[in-house]
Amino acid sequence: MAVVSGAPPPWPPWSAAAALFTAVGGTLLVGIIVAVAAVAAGAKSGNLPSWVGIVSSYGGDVVLIACALGFAGLRGRIHRSQLGLRAPQAVLPALGLMVAAGAAVFVFGLVWQHLVHLERQEDLTKKLGVDDGTGALVAIAVLVCVAAPIAEETFFRGFFFGAVRNWRGVWPAAIITGLVFGAVHVGSYSVAYLPPLAFLGFALCLVRWRTGSLYPCIALHAMNNGLAFAVLRHWTWWQVILTMLGALLAVGVVVLGAVKISQRHRAPSHTMTA
């Protein structure tokens, strides 16, 4: 499989740290604003309704995308290809790499679970209120399987990885991005569950680098989250498969739709490709 050639986008390494701190601060601010709005509407501050966490999480995803686009644009007008929003150089090798990365993430998770004696996986969906009705279930499923993969890949593999790569090269950038990706989930998971997330982040960086595209990363991330969501819900095998395929289809429709809109409303510009 050929390694993607060419220099990464001209984003200074410091912009990665600045974007990360801005994203974390922005996400916290969104959560505070939503919580205050809920209390003002009559909710008890010690027992906020589930929609507060759901809306805050969607807001956090918007913040991630905004930070990626904002800091990427500090050096001038950007093109979607700089964030990896372009087709892979070769489709079949990209699919093979997705399968290999997905298998590696799955095996790492099993080994880690055995080493630290984790008897059951933490269920983030319950913290968000997935059992509060059909509406909450659908909203959280879309959040976990569609919104989060798109936002997190745009920020971490689309922008952050590229900026850090300008500092220390591909492999250190992949390791750093993976560690940061795991660390930002500390508010949602206990520390024992973060290493598999960090390894997922690392593997997705390699997929981004080797394919030259963010699409395989988003697809793999969505299917991974779809698998986790369905398993945590204790659904049957066919429901698991449908959830994974549904997540893949949904992110495809959203991303390709966004690209089409971008093509219509922006004139072509000369940019350096990743």
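Ala 43 touches Ala 38, Leu 48 and Pro 49 when residues up to four places away in sequence are not counted, a contact being defined by heavy atoms within 4.5 Å. The model is predicted, so that local features need pLDDT of at least 70 and side-chain atom pairs count only at pLDDT 80 or more, whereas totals for chains, interfaces and linings use all residues. Residues are numbered from 1 along each chain as its sequence is written, and side-chain values use heavy atoms, with hydrogens and water left out.

Ala 43 lies in the loop between α1 (13–40) and α2 (50–72), where helices are DSSP runs of H or I with at least four residues, numbered from the N terminus. With a relative accessible area of 22%, Ala 43 is partly exposed, a class that falls between buried (under 20%) and exposed (over 50%), as computed with a 1.4 Å probe on protein chains only. Ala 43 and Ala 139 are separated by 96 residues in sequence and by 20 Å in space, C-alpha to C-alpha.

Helix α3 comprises 25 residues (91–115), which at 1.5 Å a residue should span 36 Å, in agreement with the 36 Å between its end C-alpha atoms; the expected span is 1.5 Å times one less than the number of residues. Its buried residues, Ala 94, Leu 97, Met 98, Ala 101 and Val 105, pack against α7 (194–211) and α8 (215–232). After α3 comes His 117, whose phi is positive, near 60°.

Notes: Helices (H or I, at least four residues) and strands (E, at least two) are DSSP runs, numbered from the N terminus.
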